[in-house]
Amino acid sequence: MSEMQAIYLKDYQKPHFSIEKVDLVFDLYEEYAMVTNTMGFTKTESEANDLILDSTSLELLELWINDLQLGESRYSYANEKLTIFNVPAAFSLKIINKIYPQNNTELEGLYKSGTIFCTQNEPEGFRSITPYLDRPDVMSVFTTTVIADKSKYPILLSNGNKTQCHDNFKERHAVTWFDPHPKPSYLFALVAGDLGCVNDSFTTMSGNEIELNIYCDLGNESKCTHAMKSLKESMTWDEEKYGREYDLEIYNIVAVDSFNMGAMENKGLNVFNSHYVLANEDTATDANFMGIQSVIAHEYFHNWTGNRITCRDWFQLTLKEGLTVFRDQCFSADLNSAEVQRIEDVISLRERQFVEDASPTSHPIQPESYISMNNFYTATVYEKGAEVIRMIHTLLGAENYRKATDLYFETFDGQAVTTQDFLWAMSSASGVDLSQFERWYHQNGTPKLHVHESFEDGIYKLRLTQKVPNAIDGKTQEPYFYPLKMALLDAMSGEEIVAQTLIISKEEETFVFKNLNAKPILSINRDFSVPVIIEQEEANYAFLMQHDKNSFLRYESAQSFAVETLESMMQGKEINAAFVAAYGYLLDLNVDLSYKALLLELPSVSALMQRQEEVDFEPIYAAKEKLSKHLATTYKEKLLALYTQLHKPTSDAIDSISMGERALKNRVLHLLSALESDDILALAQTQYENSLTMTDRITALDILENTNAALAGVALADFYAKYKNDTLVMNKYFSILSASHREGTLDRVLALQNDPAYDTKVPNLVRSLIGVFARNYKHFHAKDGYGYAFVADKIIEIDALNAQIASGLAGAFKIYERLNQHNKTLMHKELERVVSTHSLSKNVYEIISKILKIK
């Protein structure tokens with residue numbers, strides 16, 4: 001099991017060699033590719049005798065040092081390492097090797113997505129292209145020449161600026177690219193294909209004209225408009241907010257269907273999952289449009305926070321990802337509704353990261369070890385990492401934060417650095433001591449904050465107690481340092497008496513507020529200023545829903561009141577009439593429509609599950625269904641009036657008002673569908689048939705699928721006939737069916753694997769069918785255990801093709817420890833079957849072994 005050995009942060013050592021320049025030549029053919037890699041090496045450690053390069057799954061043909069070809073006695077090639085013996089202090093190394101991109105189902109390194117050659121090298125894909133010091137702290141200047149068939153691959157792309165086109169071949173041609181900015185190998189990119197292109201330009205604040213290109217499959221050019229608009233908005237925003245402008249002559253984006261991740265920020269040549277580029281009103285939902293805007297921005301922002309300044313090692317991943325997620329969240333908030341963006345960020349954090357923090361795979365935002373680095377592109381590193389940056393922004397204030405980021409860019413441009421370097425810049429520019437705050441980088445788990453209130457003789461006391469969970473290894477962890485936004489509201493009028501940010505640093509501390517006429521109402525953790533779980537002894541949720549001016553706290557109060565009501569129902573109590581009345585108040589609110597749609601959403605199954613000591617999904621579903629039906633019955637006329645007012649089937653506009661109208665209208669229709677009445681089903685059916693937007697049609701299809709099999713069958717057949725050749729839309733089709741709560745869902749999912757539109761080698765399709773089913777709590781956790789067995793089968797099968805996608809599916813089992821005994825026994829059987837599989841990848845082994853606590 002040598003390949004299963006963990007790598008530790010404490011074992012980091014500086015590289016013994018630097019690479020000043022890299023000259024790559026790719027000769028691409030249908031059956032294989034030839035790679036010629038010429039590198040200029042210099043020893044940085046005088047006692048180093050041997051050069052050890054990372055190398056995986058490639059055919060080594062020739063090795064040359066300077067002008068001398070090496071015989072087999074001068075090197076060894078074993079265990080994914082190429083070792084060259086007794087190298088000089090400075091030398092040129094040329095390696096010629098052969099690879100087979102068309103056979104690469106892992107989608108790491110150089111592979112083919114359909115007819116397109118493309119690359120994905122983060123974190124360790126480059127070593128499967130050519131032997132290299134494949135680590136982020138080795139940065140070099142790259143020149144790349146790509147040679148391919150002229151008719152099949154007219155577009156040849158790589159990093160940097162295009163320097164030369166070579167057309168002196170009969171049937172082949174070549175293009176040379178030069179990137180003047182030193183970069184690690186994980187940022188290398190290559191694309192070759194017969195592609196359509198949408199181009200534009202952008203003038204930087206210094207007056208430089210930048211050529212912008214978005215490449216896609218021929219015929220999809222019209223679906224790139226929104227992505228191009230989002231790119232230009234991102235470039236403007238980064239100049240205005242961070243003073244960062246683009247630094248090459250050209251910025252290329254390529255959309256491909258087969259991609260393990262969302263997108264990759266390769267210098268000057270971003271490769272994107274087509275899901276985050278292609279959109280029009282007929283094929284993309286409003287959420288798709290917002291996601292494209294966010295991810296386009298995220299990858300562009302990496303040009304400075306990730307590319308110009310990169311990570312010293314992979315344990316520093318949150319340095320670039322946490323910071324860049326925070327930047328793209330702020331960008332989306334500035335361009336859209338800030339209150340909606342903040343709530344959606346928190347929902348995502350709680351649905352994904354809080355669950356991760358409560359599982360055996362919990363880890364700090366800066367992990368201490370890993371077996372497979374691919375397993376640490378997690379919600380913790382990304383989303384919790386962004387919350388840590390947000391807290392720094394709050395502690396420093398906007399002005400000092402900008403000074404600190406300026407210092408960070410000025411000091412570390414062109415370097416591979418650590419989270420400590422980032423914290424140094426934050427502290428040095430602001431004068432804020434962040435030494436205790438650094439615990440957020442090294443401690444795991446979601447902390448809790450217990451709140452105790454008292455009031456006597458005009459004095460209000462707020463006693464706050466930090467409850468920090470033990471580390472994953474059982475060790476005690478220390479209290480955190482963080483900013484806590486709070487307010488005290490007048491108990492009669494709801495007006496703010498006090499609004500301030502408390503600095504929390506001790507295990508227990510008391511804050512005193514004097515000269516008050518009556519006990520105030522506490523509004524705590526406003527804007528979700530700190531990623532903790534609040535434990536409040538007493539809370540007047542109905543009052544806060546009505547009076548709190550903080551949009552997040554109003555939403556939080558509505559959710560908390562609903563949770564309280566649902567949990568009492570699960571204990572056999574009647575529906576809380578006070579909550580029902582408060583829900584009616586929300587229906588009458590005159591607020592942003594997208595925000596109102598969030599206010600009216602009942603807590604998710606995941607949110608309720610996280611609060612259970614022993615997880616059992618059946619009572620959760622039963623309580624939610626009963627409460628939804630009661631609310632729909634109580635407010636049916638009001639809900640129908642809202643629906644009628646907002647339903648505009650002939651509108652396909654994607655402005656904020658139109659999106660808000662659709663969001664609220666569809667929230668209302670979903671609630672009404674709990675009635676399962678003919679009139680509501682007719683509304684859904686008509687909405688599917690008459691609406692122009694994919695948002696409306698997907699909502700209607702989902703309602704029909706979950707309420708009436710006959711009507712769903714007709715609508716889904718129509719949808720399939722129209723979109724069966726559009727992979728992105730078929731992702732939606734498979735997701736609706738695999739997320740269905742109707743009986744027989746697993747049987748239908750099994751059958752869908754044989755559908756001509758499904759391909760197990762395309763990650764988006766696997767995520768849409770198998771991944772969505774694994775998050776279908778009702779059927780994945782069915783008491784017969786068939787859901788567990790099915791997903792375990794798929795993990796084993798897909799692991800042989802694409803270990804990264806398989807390990808993602810394995811994450812569905814993270815809840816194992818908290819399940820009721822019946823489900824736990826069934827799941828254990830399948831986990832043991834997976835982990836005992838011969839030739840299991842280290843990706844899947846790492847996840848399952850942590851769940852089962854295998855040492």
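Is Cys224 buried or exposed? Cys224 counts as buried, because its relative accessibility is 0%. (Buried stands for under 20% relative accessible area, exposed for over 50%, and partly exposed for what lies in between, using a 1.4 Å probe and protein chains only.)

Before the close-ups, a word on the model. This is a predicted model, where local features need pLDDT of at least 70 and side-chain atom pairs count only at pLDDT 80 or more, while totals for chains, interfaces and linings use all residues. Residues are numbered from 1 along each chain as its sequence is written, and side-chain values use heavy atoms, with hydrogens and water left out.

View 1. Take Cys224: it is in no disulfide, and its nearest cysteine sulfur, in Cys216, sits 3.7 Å away. For Cys330, the closest cysteine sulfur belongs to Cys311 and is 20 Å off, which is too far for a bond.

**View 2. The salt bridge between Arg135 and Asp137.** To count as a salt bridge, a side-chain nitrogen of Lys or Arg has to lie within 4 Å of a carboxyl oxygen of Asp or Glu. The count by this rule is 57. In this one, the closest N and O atoms of Arg135 and Asp137 are 2.7 Å apart. Arg135 is partly exposed, at a relative accessible area of 25%, whereas Asp137 counts as buried at 15%.

View 3. Asp357 and Lys384 form a salt bridge, and their closest N and O atoms are 3.2 Å apart. (Helices, H or I with at least four residues, and strands, E with at least two, are DSSP runs numbered from the N terminus.) Both Asp357 and Lys384 are buried.

View 4. Asp793 is partly exposed at 37% relative accessibility, and Arg833 is partly exposed at 32%. As for salt bridges that share partners, they join Asp54, Lys81, Glu124, Arg127 and Asp134 into one network.

**View 5. An open sheet of five strands.** Reading across the sheet, the order is β17-β18-β19-β21-β20, and the pairing is mixed. (Two strands pair if DSSP finds at least two bridges between them.) At the edges are β17 (195–203) and β20 (263–264), each of which pairs on one side only. Helix α1 (residues 225–242) packs on the sheet and touches β17, β18 (209–217) and β19 (250–256), and its direction makes about 30° with that of β17. (Contact means heavy atoms within 4.5 Å; axes are lines fitted to C-alpha atoms, for helices over the stretch in contact, and angles run from 0 to 180 degrees between N-to-C directions.) Now look at β20 and strand β21 (residues 269–273): they run antiparallel and are joined by two bridges. Ala263 has Phe272 in β21 as its bridge partner.

**View 6. Aromatic rings in pairs.** Rings of Phe, Tyr and Trp (its six-membered ring) pair if their centres lie within 6.5 Å; planes under 30 degrees apart are stacked, over 60 edge-to-face, and the rest tilted. The structure holds 49 aromatic pairs. Tyr246 and Tyr300 make a tilted pair, because their ring centres are 6.2 Å apart and their planes are at 40°. Tyr246 sits in the loop between α1 and β19, while Tyr300 sits in helix α2 (residues 286–301), 54 residues apart. Both of these tyrosines, Tyr246 and Tyr300, are buried. Another tilted pair is Tyr370 with Phe376, with centres 6.4 Å apart and planes at 55°.

**View 7. Leu63 and its contacts.** Leu63 is part of strand β5 (residues 59–65) and counts as buried at 2% relative accessibility. Its C-alpha atom is 4.8 Å from that of Ile95, although Leu63 and Ile95 are 32 residues apart along the chain. Leaving aside neighbours within four places in sequence, the contacts of Leu63 include Leu68, Tyr75, Leu82 and Ile95.

Notes:
A disulfide is a pair of cysteine sulfur atoms within 2.5 Å.
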